[in-house]
Amino acid sequence: MAKNIDWANLGFGYMKTDYRYVSNFKDGKWDEGTITTDENIIMNECACVLQYAQTCFEGMKAYRTVDGKVVTFRPDMNAKRMADTCKYLEMAVFPEDRFVEAVVETVRKNIDYVPPYGSGASLYIRPYMFGSNPVMGVKPASEFQFRVFTSPVGPYFKGGAKPITLRVPDFDRAAPHGTGHIKAGLNYAMSLHAIVDAHNQGYNENMYLDSATRTKVEETGGANIIFVTKDNTVVTPKSSTILPSITRRSLMYVAEHYLGLKVEEREIPFSEVKDFAECALCGTAAVLSPVGKVVDHGNEILFPSGMEKMGEVTKKLYDTLTGIQMGRIEAPEGWIVQIA
Ligand code: PLP
Ligand code: COI
């Protein structure tokens, strides 16, 4: 039976659910994995994750569809991205098929926490991994723990579809040839000061520029960015230092193949931002959050779509993507995995 939760008023936060998945890597292999009710982790004081931040994660969602099924969206892509991340961080790779199975099993066990269709909420899924054995010299761990937990969530930005304001920070998120393209916990550690500073100054998020030249648009702390030109082309930054967002790649496909729009993935000079008609953040948590304004050191860019509602093309993209996720619109082959 569905839990008694005020689904419509959920924010994006952690709520303990009943079950989580855990598997350990030791002596060169993964154990068979299990579901546990224990949300706490006990580890050695010198665990690699605690001293040298060897940790990574993924973010996904489970949705209740219009016909009452429970589904998740492109989990194979998250499995692949986590494998890429782990290789880059010198961590053991959790097999991609087992990743998907663990996600499905964890959601099934917590099925009563999947918000009802139409509530605006979803069940966020957080797979993650960390180096768990003690290491003192700077080197990777040899033992790892992979876990998956879930939490019902509402919109990432308060107010849902209300446009937000970004500022161009004096901080960098990712270095050339660094870790910007993988989902390492350390990228988020890097962004904590910048996000607190942005909030203190009244902005919702940071629009990071490329750190080498500070001239090109990259992404925000937790989402990729799309723009719409005045002649309705959907444009997104191409960069080797941003996270390859699954939502963004899906939206570009939707724009081209469902909406018949022109799409471009290319470098975007910040100087071009003032010429766009619409802007939005995209990601699992953010879904597609409209951006009304970008502030660059006092210089304000207000998009023609304004601060009251989503731009027209953004709205079409949002409706189509969420329509696919909630089962109202037929999905491309392989995008939707049924859990229950
Ligand atoms: N960029 C960053 C830095 C993120 O943390 C996320 C969230 O996962 C995204 C982009 C969006 O990626 P996805 O659409 O795969 O959730
Ligand atoms: C997500 O969209 O899943 C993210 O990981 C973004 C943020 C919550 C870190």
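Helices (H or I, at least four residues) and strands (E, at least two) are DSSP runs, numbered from the N terminus. The model on display is predicted: local features need pLDDT of at least 70, side-chain atom pairs count only at pLDDT 80 or more, and totals for chains, interfaces and linings use all residues. Residues are numbered from 1 along each chain as its sequence is written, chains are lettered from A and ligands numbered from 1 in the order in which they are written, and side-chain values use heavy atoms, with hydrogens and water left out.

**First selection: the two domains**

Colour residues 7-153 as domain 1 and residues 164-325 as domain 2; these bounds come from an automatic or database domain assignment. The C-alpha centres of the two domains are 25 Å apart. Where they meet, 21 residues of domain 1 are in contact with 22 residues of domain 2, contact being heavy atoms within 4.5 Å.

**Next: the enclosed cavity**

Rolling a probe the size of a water molecule over the atoms shows where empty space is left. Here the search runs on a 1 Å grid over the protein atoms alone: a cavity is a set of points where a 1.4 Å probe fits but cannot get out, a pocket is an open set with protein on both sides within 12 Å along at least five of seven lines, and lining residues have an atom within 4 Å of a point. Grid points are joined across faces, edges and corners, and a volume is the space filled by probe spheres set on the points.

One cavity of 30 Å³ or more is counted. The largest cavity has a volume of about 130 Å³. Select Y63, F73, T247, T284 and Q325, the closest to its centre among 13 lining residues. Elements β5, α5 and α6 each give two or more residues to this lining, and β5 gives the most, with three. Each of domain 1 and domain 2 supplies at least three residues of the cavity lining. By class, that lining has six nonpolar, six polar and one charged residue; Ala, Val, Leu, Ile, Met, Phe, Trp, Tyr, Cys and Pro count as nonpolar, Asp, Glu, Lys and Arg as charged, and the others, Gly among them, as polar.

**Next: the largest pocket**

The largest pocket holds about 960 Å³ of space. Select F12, Y156, E205, G222 and A285, which are the closest to its centre of the 44 residues that line it. Why does the largest pocket lie between the domains? Domain 1 and domain 2 both give residues to the lining, so the largest pocket lies between them. Helix α4 (185-200) gives the most to this lining, with five residues; the elements that supply at least two also include α2 (75-88), α5 (246-257) and β14. The lining of the largest pocket consists of 20 nonpolar, 17 polar and seven charged residues.

**Next: the second largest pocket**

The volume of the second largest pocket is about 550 Å³. Of its 31 lining residues, G120, V287, Y318, T322 and M326 are the closest to its centre. Show α6 (312-325) as well as β5 (60-64) and β15 (287-296), each of which supplies at least two lining residues; α6 has the largest share, five residues. Both domains contribute to this lining, so the second largest pocket also lies between them.

Buried or exposed: what is N78? N78 sits in helix α2 and is buried, with a relative accessible area of 2% (buried means under 20%, exposed over 50%, partly exposed in between, with a 1.4 Å probe and protein chains only). Beyond four places in sequence, N78 touches E58, G59, M60, F73, F99 and I246.

Move to C282 in strand β14 (residues 278-283). At 1% relative accessibility, C282 is buried. Its contacts beyond four places in sequence include A223, N224, T247, V287 and L288.

**Last: the nonpolar cores**

A nonpolar core is a set of buried Ala, Val, Leu, Ile, Met, Phe, Trp, Tyr and Cys residues joined through side-chain atoms within 4.5 Å. In the largest one, of 39 residues, W30, F99, V107, M129, F144 and F146 touch the most other members. Elements giving two or more residues to this core include β1 (20-26), α3 (96-109) and β8, and α3 has the largest share, six residues. Centre the view on W30, whose contacts beyond four places in sequence include F94, P95, M129, F144 and F146. A second, separate core of 22 residues includes F157, I164, F276 and I301.
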